[in-house]
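Dear colleague,

Please find the structure below, followed by a short account of what was found in it.

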Amino acid sequence: MVQINLPQNSKVEKGTYYKDTTGSKNIRKVNVYRWDPSSGKNPRIDTYEVDMDNCPSKVLDVLNKIKNEIDPSLAYRRSCAHGVCGSCAMNMDGKNGLACTKPHSEIKGDINVYPLPHLKVLKDLIGDLSTLYKQYESVEPWLKTSKTNENKENLQSKEDRKKLNGLYECIMCACCSTSCPSYWWNGDKYLGPAVLLQAYRWIVDSRDEDRKERLKKVADELKLYRCHTIMNCTNACPKGLNPAKAIASIKKMLATS
Ligand code: SF4
Ligand code: SF4
Ligand code: FES
């Protein structure tokens, strides 16, 4: 039988335990993945005892409290704190989501926080999204039209506008792509659910004049057909979108065109 072991330097070790210093009776343990490439050391899990009496309701509030009051070296992305920018996407309690919208009360027991799965980690909870952004750029996510009169609105019918519902709300947080097994194993070639949903958003935009070319560009065994309708992506989306359906719609359009 083949035995596959992780390389020694990728084994996650036990890190520092930060005991509560406030004397609070309402403590929760928060286990956080830590890795600093400049240290030359293995990744580790640090544990923080956090006073929940003085902590607002979301996982991001817990991380901010740790950073501001216990350990300023903790690194993570955040910006809007309102589920709009997508930057605080991470894995909490085993599920991808936005730290700023995830209530910590929904997590039973210890709060476990990891970076989004299967990304190269840059530091602590910060994953490397550069491949995903390059793939996003490759679908040319902007309106292509010969109508260039900037002083005139480019109108859509109500019905055509409706086709963008469930697509335009995507915040490119990458929760879906990093929960997709096909993207884990073929992420350099398969575009993944986030980028394919964006591709579809432009394919169905009635104002866009590049539909045929856009379809041709994604009609590829590796870029598109690596989706096996496992649906992890749709389950993971914190905005309630359905990237699996968008992918199926692209396939249908290709099959019938
Ligand atoms: S439905 Fe497709 S894109 Fe979504 S998780 Fe499954 S394989 Fe990935
Ligand atoms: S479809 Fe949902 S999970 Fe995927 S990038 Fe967009 S908002 Fe994030
Ligand atoms: S900080 Fe912007 S979505 Fe969470």
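Helix H5 passes helix H6 in a left-handed crossing, a crossing being left-handed if the near helix is turned anticlockwise from the far one by less than a right angle, and right-handed if clockwise. Helices (H or I, at least four residues) and strands (E, at least two) are DSSP runs, numbered from the N terminus.

This is a predicted model, in which local features need pLDDT of at least 70, side-chain atom pairs count only at pLDDT 80 or more, and totals for chains, interfaces and linings use all residues. Residues are numbered from 1 along each chain as its sequence is written, while chains are lettered from A and ligands numbered from 1 in the order in which they are written.

H5 and H6 (residues 211–218) pack at an angle of about 160°, their axes being 9 Å apart. Axes are lines fitted to C-alpha atoms, for helices over the stretch in contact, and angles run from 0 to 180 degrees between N-to-C directions. H5 is therefore roughly antiparallel to H6 (angles under 35 degrees count as roughly parallel, over 145 as roughly antiparallel, 65 to 115 as roughly perpendicular and the rest as oblique). On the H5 side, Leu 196, Ala 199, Trp 202 and Ile 203 meet Arg 211, Arg 214, Leu 215 and Val 218 of H6; contact requires C-beta atoms, placed from the backbone, within 7 Å. These residues divide into six nonpolar, no polar and two charged. Here Ala, Val, Leu, Ile, Met, Phe, Trp, Tyr, Cys and Pro count as nonpolar, Asp, Glu, Lys and Arg as charged, and the others, Gly among them, as polar.

H5 (residues 192–203) also packs with helix H8 (residues 243–256), at an angle of about 55° and with axes 9 Å apart, so the two are oblique to each other. This crossing, too, is left-handed. The contact of H5 with H8 comprises 12 nonpolar residues, one polar and no charged.

The largest nonpolar core has 54 residues, and Leu 196 and Ala 199 are among those with the most contacts inside it. Such a core is a set of buried Ala, Val, Leu, Ile, Met, Phe, Trp, Tyr and Cys residues joined through C-beta atoms within 7 Å. H5 gives the most to this core, with eight residues.

Methods:
Buried ≥ 20, exposed ≤ 12 C-beta atoms within 10 Å, placed from the backbone. Contact = placed C-beta atoms within 7 Å.
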